[in-house]
Amino acid sequence: MIRTHASQNNMVKIDINNICRFVRSSLHLPPEIWSRVFSIIVQDAWALGDQGSRIPPWIYLSHVCTYWRSVALNDAQLWSRIDSFDTPWSDLQLERSKDLLLRCRVARSIDLRQSDTSDRVLRALDQATRLYSFNFSTLHPYKRISRRAGPILAKLSTTAFPVMHSLTLDIRCNLDHLPDLTLKLPKANFPQLRHLRVSGLVFFWNLTIFSGLKSLRIQTRAENNIPGTLAECLDALERMPLLERLHFQWDYQSLENPEDVHPSRIVPLPRLQSIYLQARLTECVALISHISYPKESIKMRIKFEAEGLESEIGWYDEEEISTYTIPPLTSLLKSGFLSDSSTSSSPSSSSTAPGSQRLVRTLEIGTLYRRSRFHASPDVQIIVRAWMEEVNFTVYPHPSGNTASNGCGFNSPPPPLYISFEVYRDLLTADVRRQSLFLLPLTDLQSIALDHELPIFVFKTLGTLPHLKIISLKGASSYAFFDYLEEEYSFGASNTINTGASQASHDSLLFPSLTRLGLENTTFESQRPSLLAPLGGTGLGEVKLATLFGYMRLRQGAPYLPIQRIRLIKCAGFSSNFVQDLEALVPSVEWDGVTVPFGQLIMSTGPVFEARSDDDTNGSEEDDEDSS
């Protein structure tokens, strides 16, 4: 043990000596270079927000050596980002930032019940002539939130901020009722404001503060009901011709009297890049139907309840979903998001002519689960993501359940269209999932990714598509696919993988362009079929190897195209012997070498929980300004 401690001490001494040599050798570098290095460190710490250290990074930097301290103290830029209002350091930053523009952030973790903390925030607001961005987020009990947030909001509404570029007001209460806090910001006090985010405040659409914005994000609750109409909302949008990002989130009727707006009224937003709407479907459709935007570059995300006519027992059935949810959204996407594209071209002469429709080349129908704070069963979202280009999901991982912030993840591009159906416990998710297939035109579809159980008729529809080249299946969706093939060709009539499937005959050509196939969490011919029967509606089953190999042989014969690539991930019942047989039929076989145990397979095929918050993929407006 003594030797171990001695060895560790020697290693520490070596590390210290290496650091000292590095510092001594770097002293000859000019202060401009160190200022640039320090600024990167400060920006990274700022990006971490509440997740970072409560000690500002310049404290560490200024205590390394005398030279670094001199550089840090003389670089006012390092002191211009202030989020330490719960410490006296914020006053020191105000002083040492000199006359530079300030970026101030009052994080939700800062306790405003301390009078010193509130006073520091007010002193920062006194620097109105150089305040570039201000982010105020607070969470307090109902009786205290007015007292703590009131003076700060009053200061904002009565003071002129001539260079304010970004403003965030996120007022939340940990009780159901929120106090009557109203947004009162005259545009004359914020002439340069371009990014505005408001949450938890009552506001009116006729506020002049909305004029000239590039980014608008509004999130409200029923307690902060918006006393406005669709016409007033459109009037506000007309005052924002520079708008690039639009984010509306509410869970109640907020845009009243849509019938009073004439169908021909269109608000042009030529610079709009992304739309995020979380509201009732009728409001989403009504709002977007009156907006024109650049179709080639827009990213649209819509999230709403999978609503229909509610029956006496509180259930929505598939007929109601197909009647009240799918048709209006389909009509909206066809007439708006998919129309008038001048960049799309069809892969065949029989398809839609270029310039008349934006073509969907890749589609994903997935499922995400979010743990609920209010009941034991998770909240379910049916996800529809669409790309205008081909995305090869036999190269990229299957997108379902991915929690990356761009909505897809890994190296695959973020989807321009992202629709989330919020599905509640009294609605069968399978009803929404299979109806989602018909949201978008499929005639030019080239790649599709599916998860969970789907009826065979879905694959009957896909089998007729002339350009579908890539199919990626996860979990129970693979069983319906092979059940459909078995129903059509009877590959499994023989119980061996050497069945003469290539001699099977069929009147129609199914999946005529299919060349790549991806399978994930699929079980092949288990020795315990009784245990792998469907459990609780999860769709667990098995695929006969005879069906897989028979279909690969069938694809080698005319008039089919042969399968060029197959990808198998976490497939139980598959082994290296089968891989060798498959390589004789398919030029490119990717197998992860994992034979998943039965128990692990059940867990893998079960719910995939989404860890991130429900947010759009726009990122931070303030970070965008920094990067530019």
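Q: With which residue does Arg385 form a salt bridge?
A: The model is predicted, so local features need pLDDT of at least 70 and side-chain atom pairs count only at pLDDT 80 or more, while totals for chains, interfaces and linings use all residues. Residues are numbered from 1 along each chain as its sequence is written, and side-chain values use heavy atoms, without hydrogens and water. A salt bridge is a side-chain nitrogen of Lys or Arg within 4 Å of a carboxyl oxygen of Asp or Glu. The closest N and O atoms here are 2.5 Å apart, and the partner of Arg385 is Glu364.

Q: How many residues apart in sequence are the parts that Arg385 and Glu364 tie together?
A: Helices (H or I, at least four residues) and strands (E, at least two) are DSSP runs, numbered from the N terminus. Arg385 lies in strand E15 (residues 379-387) and Glu364 in strand E14 (residues 362-370), so the pair ties together parts whose separation is 21 residues.

Q: Are Arg385 and Glu364 buried or exposed?
A: Buried means under 20% relative accessible area, exposed over 50%, and partly exposed in between (1.4 Å probe, protein chains only). Under these cut-offs, Arg385 and Glu364 are both buried.

Q: Which residue meets Asp235 in a salt bridge at 2.5 Å, N to O?
A: Asp235 lies in helix H8, and its partner is in the loop between strand E9 (255-256) and strand E10 (267-268), so parts 30 residues apart in sequence are tied together. The partner is Arg265.

Q: What is the relative accessible area of Glu244?
A: Glu244 forms a salt bridge with Lys214, with the closest N and O atoms 3.9 Å apart. Glu244 is in the loop between helix H8 (230-238) and strand E8 (245-249), and Lys214 is in the loop between strand E5 (195-199) and strand E6 (215-219). Lys214 is partly exposed at 22%. Glu244 is buried, and its value is 17%.

Q: At roughly what angle do the axes of helix H2 and helix H4 cross?
A: Axes are lines fitted to C-alpha atoms, for helices over the stretch in contact, and angles run from 0 to 180 degrees between N-to-C directions. The axes of H2 (residues 31-48) and H4 (residues 66-74) come within 10 Å. The two helices are therefore roughly perpendicular to each other, a term for angles of 65 to 115 degrees. The crossing angle is roughly 75°.

Conventions:
Angles under 35 degrees count as roughly parallel, over 145 as roughly antiparallel, 65 to 115 as roughly perpendicular and the rest as oblique.
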